[in-house]
Amino acid sequence: MAFQSTFTPIELGDLLNLTRAKHDAGYRFAQMLCAMANEGVDLVYSFMKQDDEGTWQLENYVIAGFDPQAQTVPSVTGYFLSAFPFENEAHDLFGVKVEGNKIDFAGRFYQVAMDAPMAVISPEQKAAREKAARIAAAKAAKEAKAKAAAGEAAGEPAKSEGTSKPAAAAPAPIDPEAERAAFEAKIAGLDPEKAERMRAAFEVKLKKRMEEAAQANATTAEVTPAPAAPADDIEAKRAQMEERIKDMDPEKAAKVRAAFEAKVARDAAQKGGE
Amino acid sequence: MGSFKLGKMTLRSLFGKPETVLYPVQTRPMPEGLKGHVSNNIEECILCGICQKRCPTEAIAVDKKSGTWTVDGFRCIQCGACVRECPKHSLTMEPTYTAPALTKQTHTEIKPQPSEEELAAKAAEREARIAAAKAAKAAREAAKEQEG
Amino acid sequence: MGKATVIPFGPQHPVLPEPLHLDLVVEDERVIEVIPQIGFIHRGLEKLVEKRDIHQFIYVAERICGICSFGHSMGYAETVEDLMGVEVPKRAQYLRVIWHELSRMHSHLLWMGLGADAFGFEALFMHCWRLRERILDIFEATTGGRVILSVVNIGGVNRDIEDSELYAIVDKLEGIRGEYREICNAFVNDYSVASRLVGVGYLSQEEAEALCMVGPFARASNVAYDCRMLGRGGYGDLENFQPILSDEGDCYARVKVRAAEVEQSIDIIKELVSKIPHDGIGEKSKLTPPDGAMASNVLEQPRGECYYFARGNGTKNLDRMRMRTPTSQNLAGMVKALEGCELADVPNIILTIDPCISCCER
């Protein structure tokens with residue numbers, strides 16, 4: 001004997017017809033649940049029966065994006081009385097209005113201190129969802145970039161070796177949006193204060209990097225040999241500075257390096273402030 | 001039909017040894033591997049804070065700066081997640097329960113400050129590392145110049 | 001025909017182990033209507049899934065209920081494994097089933113004790129709980145905890161049981177079986193027990209099916225449904241599993257079904273121990289549930305079928321975790337069984353349903 005669970009989306013209007021059909025076909029009502037979606041509430045109704053091959057089918061029907069403010073859901077207690085605890089629960093914990101519940105407690109089934117406590121989207125859940133969205137966005141951006149790069153690469157071979165070199169040497173353009181999305185994904189889940197601080201630091205750094213990239217773009221051609229990989233370009237300016245300080249004693253060199261970093265950051269911050 | 005179905009058992013209980021022990025005087029033996037309380041071998045602990053992150057009840061607090069590792073025995077649920085996650089295996093689950101107390105208290109382990117010699121050894125090691133890095137860099141630069 | 005009176009019953013009542021409130025509408029001594037009310041111990045554990053990551057939530061899931069704690073952690077872990085597509089080694093599955101069956105035994109023994117207490121058989125209560133203590137000792141020796149075991153992880157189990165120890169457990173259980181039969185003898189053959197329970201709280205098979213009841217409560221009304229039949233996890237390798245049924249449908253039948261299930265659990269453990277493989281106990285999974293993925297799962301708890309639902313959101317936390325526990329499914333059946341009974345039988349009927357209100361509210 002096997003077990004199989006399926007999820008099928010349905011419309012709110014079809015719920016009662018479906019329930020009647022399941023009731024007549026001898027299904028057992030397994031449960032009803034609510035889950036907060038990005039918009040509204042998702043309602044899941046589950047029915048279970050053993051089919052002719054002996055497989056136990058757990059069929060879940062999902063009504064997505066139910067709006068608890070504007071809509072009401074018809075009660076299924078007319079067909080399955082055992083749904084009454086779940087419908088009362090949906091009302092008390094999620095604020096879902098149920099119409100025609102056979103045993104209706106009118107909001108007094110659960111003795112909770114506030115209305116619809118489960119309908120509150122906690123900061124953690126919000127952060128998690130945003131993170132998920134950002135990861136998806138970053139992934140999409142990355143894929144788009146990869147596609148563009150692939151297209152470029154496909155077009156490239158036609159050109160001669162000499163002309164293609166500067167193009168390869170130019171640092172890959174820093175896409176601030178994609179970077180930001182990736183960063184946001186990283187800090188989601190941290191406490192807001194810390195996240196705020198980190199975000200500020202990140203913005204400064206991003207600015208600096210973009211400037212450096214622009215400068216490096218301008219200078220790569222004449223001053224430094226073309227780096228092999230675009231990633232090295234960010235370091236171009238730093239490399240110049242390193243060149244200058246390489247004969248100093250390490251302590252002093254460290255100081256100069258720190259001052260350099262601070263200056264770059266300050267400049268970037270000033271520009272950011274303007 | 002009939003009654004006194006528990007007769008045999010009742011008679012046995014009447015003359016047998018009691019099932020219970022006289023608690024404060026006698027205690028039951030603690031089996032090996034009982035989840036009693038968490039203890040930390042602070043010598044091996046590197047204060048990485050993974051236990052703090054994994055703890056489902058936020059009972060563990062690790063402060064790297066002051067070198068302390070604190071467990072709140074009254075928050076701890078003895079799940080053993082920290083013990084399994086510890087990268088240095090410095091945490092262990094001891095088979096004795098936390099003693100009852102009148103007030104809630106925490107248990108803190110302080111990482112001993114390294115002695116003079118250890119500090120000196122560490123400093124020397126750092127020096128050596130810097131020197132090595134410098135040498136490597138010089139070699140790299142030289143190679144670059146040659147290339148140029 | 002007397003005047004209808006409303007008698008509030010619970011949430012604190014000597015017979016109730018957990019806070020359930022009933023408004024009993026009685027005429028003379030006869031109950032004509034029952035309105036159940038719960039919600040005194042709602043703890044918002046389902047909401048906590050947003051703050052605790054998938055591995056930490058195991059310890060929360062265990063604390064839903066003190067009696068079926070292992071079942072909840074197992075059901076939760078199986079659902080999340082489904083969600084992420086994690087393969088669990090056979091040995092870990094077997095060990096889970098062994099612990100789960102042990103917890104079924106201790107739950108049923110606990111319940112039998114409470115039942116005996118409810119119909120006024122104090123000595124039987126003591127003996128049931130004395131026997132239950134032996135099973136808790138097995139838990140203590142194998143997992144390090146007596147009630148909250150914290151031994152499941154997503155991807156396997158945390159501790160292995162040595163083969164020699166497994167055989168020792170089977171020996172111990174055989175010892176328990178002997179003593180258990182003596183106790184059962186009192187439950188099943190004693191006329192005082194029978195006179196208190198036979199014919200009380202009758203539910204026919206049609207009613208039980210219409211009310212979608214689950215667990216021993218339904219099986220006592222001849223509904224042949226037990227999630228162990230589905231062959232999930234280690235249950236799939238059982239030679240021949242048949243749910244224990246009774247067609248009498250009254251409180252006495254429910255006692256008999258549970259009494260037989262304890263022995264069935266011993267047989268299941270014995271069978272699994274005899275064919276346990278050696279393919280490791282699994283490792284904690286490093287995956288995260290994918291965004292928007294949903295999984296649902298059922299598991300037979302001591303009180304009946306428990307439904308689990310999980311939805312991921314691409315992070316290490318779940319978006320929604322839902323446990324529909326057997327008691328909330330059986331509330332409708334309980335209301336039905338109570339209608340028309342004598343007031344003095346109310347405690348017995350409630351207890352033979354074995355309500356677990358903490359499970360019900362989470």
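How many residues of chain B are in contact with how many residues of chain C?

Analyst: Some ground rules to start with. This is a predicted model, where local features need pLDDT of at least 70, side-chain atom pairs count only at pLDDT 80 or more, and totals for chains, interfaces and linings use all residues. Residues are numbered from 1 along each chain as its sequence is written, while chains are lettered from A and ligands numbered from 1 in the order in which they are written.

On to your question: 17 residues of chain B touch 20 residues of chain C, with contact meaning that the C-beta atoms, placed from the backbone, lie within 7 Å. On the chain B side, the largest share, three residues, comes from helix α1 (residues 7–15) of chain B. Helices here are DSSP runs of H or I with at least four residues, strands are E runs of at least two, and both are numbered from the N terminus. Sorted by class, that side of chain B has eight nonpolar, four polar and five charged residues. Ala, Val, Leu, Ile, Met, Phe, Trp, Tyr, Cys and Pro count as nonpolar, Asp, Glu, Lys and Arg as charged, and the others, Gly among them, as polar.

Now for chain C itself. Strands β1, β2 and β3 of chain C form an open sheet in that order, with antiparallel pairing; two strands pair if DSSP finds at least two bridges between them. β1 (4–9) and β3 (30–37) of chain C are the edge strands with a single partner each, so one side of each has no neighbour in the sheet. From one strand to the next, the twist averages 20°. β2 (residues 21–27) of chain C pairs with β3(C) over seven bridges, and Asp23(C) sits opposite Ile35(C) in β3(C).

Further along chain C, helix α4 (residues 122–143) and helix α5 (residues 163–189) have axes that come within 10 Å and cross at roughly 170°. α4(C) and α5(C) are therefore roughly antiparallel, the term for angles over 145 degrees. Axes are lines fitted to C-alpha atoms, for helices over the stretch in contact, and angles run from 0 to 180 degrees between N-to-C directions. The contact includes Leu131(C) and Ile138(C) from α4(C), and Ile176(C) and Tyr180(C) from α5(C). By class, this helix pair's contact has nine nonpolar, two polar and four charged residues.

Notes:
Angles under 35 degrees count as roughly parallel, over 145 as roughly antiparallel, 65 to 115 as roughly perpendicular and the rest as oblique. Two residues are in contact if their C-beta atoms, placed from the backbone, lie within 7 Å.
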